[in-house]
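My entries follow in the order in which I looked things up.

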Amino acid sequence: MQNRSAALQAFVDAAETAFKERAQGEESRRSVSRSFSALAAPADKPRATPANEGSRLPVCDAHLDQMIDPTRFPDADLAALAETFRALEPALSWSKRKGTTAAASDTFDQGHANTLIIGPGGLERRTDVWLGVSLLAPDVRYPDHDHPPEETYLCMSRGEFTHGGSDWFEPGPGGSFYNSPGILHAMRSGSEPLLAFWLLLTA
Ligand SMILES: [Fe+2]
């Protein structure tokens with residue numbers, strides 16, 4: 001079995017605490033619980049190339065450092081999540097979303113970045129659970145999109161979300177919500193950048 005680095009394990013532990021504390025509703029709590037039960041065992045296959053060097057996009061250089069500053073969070077679980085993520089971040093590869101741009105703002109292309117910590121192409125490559133994060137510059141509307149796996153979001157900033165044709169809603173920092181399998185969803189930032197973690201359970 002692959003050994004997880006101490007830094008990645010610390011992040012997984014912080015994410016487990018925060019997601020479990022903040023998940024809303026029975027379906028989300030079950031999904032989060034099952035996800036972290038699976039993550040208790042590191043993936044079997046080490047990635048071919050050690051992930052020593054990540055890559056940022058310009059939007060990361062513009063906004064990320066302020067968004068993952070642990071001192072921004074009065075709540076200890078969110079501060080720990082930010083701190084452990086910040087420690088991993090230099091090894092992460094950020095990229096733009098591939099696929100449709102339905103309903104996206106014209107600021108979207110240059111104004112967003114995603115990275116996977118765990119999942120295909122992540123620091124820990126596996127397919128059963130994906131844990132990633134999205135960064136949006138101010139005034140960016142992400143495309144409407146959907147995917148088969150169910151998903152729990154954990155917001156680390158202000159910003160609005162919609163799913164299943166709902167009105168836009170704002171969970172706020174530490175807010176969490178659940179996307180059922182296949183539901184159409186999107187997010188948008190206002191005058192501040194948006195940062196949100198997402199946890200997908202495929203199995
Ligand atoms: Fe999603």
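**Notebook: loops, sheet, helices**

I began with a loop residue, Asp139, and found it between β2 and β3. The model I am reading is a predicted one. I looked up the backbone of Asp139 and noted a phi near 60 degrees, a positive value in a residue other than glycine. For background, I wrote down that most residues other than glycine have a negative phi.

I then turned to Ala103, which sits in the loop between α4 and β1. Its phi is also positive, about 70 degrees, although Ala103 is not a glycine.

I found an open sheet of five strands, paired antiparallel, in the order β1-β2-β7-β3-β5. Which strands stand at the edges? They are β1 (112-118) and β5 (176-179); each has a single partner strand, so one side of each has no neighbour in the sheet. From one strand to the next, I noted an average twist of 20 degrees.

I followed the pairing of β5 with β3 (residues 150-155), which is antiparallel and runs over four bridges. Within it, I saw that Glu151 has Asn179 of β5 as its bridge partner.

I looked for helices packed on the sheet. Helix α1 (residues 6-22) touches β1, β2 (129-136), β3, β5 and β7 (194-201), and its direction makes about 95 degrees with that of β3. Helix α4 (residues 76-88) also packs on the sheet, touching β1, β2, β3 and β7; its direction makes about 90 degrees with that of β1.

I stayed with α1 for its length and its faces. I counted 17 residues and a reach of 24 Å from first C-alpha to last, close to the 24 Å expected at 1.5 Å a residue. I listed Leu8, Phe11, Val12, Ala14, Ala15, Ala18, Phe19 and Arg22 as buried in α1. These residues cover an arc of only 170 degrees around the axis, and therefore lie on the same side of α1. On the face turned away from that buried side, I found the exposed residues Ala6 and Glu21.

My last entry is on Ser176, in strand β5. Is Ser176 buried or exposed? Its relative accessibility is 10%, so I count Ser176 as buried. A polar atom of the Ser176 side chain lies 2.7 Å from the backbone oxygen of Tyr153. Leaving aside neighbours within four places in sequence, I noted contacts of Ser176 with residues including Arg22, Thr152 and Pro171.

Terms used
Residues are numbered from 1 along each chain as its sequence is written. This is a predicted model: local features need pLDDT of at least 70, side-chain atom pairs count only at pLDDT 80 or more; totals for chains, interfaces and linings use all residues. Side-chain values use heavy atoms; hydrogens and water are left out. Two strands pair if DSSP finds at least two bridges between them. Helices (H or I, at least four residues) and strands (E, at least two) are DSSP runs, numbered from the N terminus. Axes are lines fitted to C-alpha atoms, for helices over the stretch in contact, and angles run from 0 to 180 degrees between N-to-C directions. Contact means heavy atoms within 4.5 Å. The expected span of a helix is 1.5 Å times one less than its number of residues. Buried means under 20% relative accessible area, exposed over 50%, partly exposed in between (1.4 Å probe, protein chains only). The arc is that of the directions from the helix axis to the C-beta atoms. A polar contact is a pair of N or O atoms within 3.5 Å; within protein, one must be able to donate a hydrogen and the other to accept it, and residues adjacent in sequence count only if both atoms are side-chain atoms.
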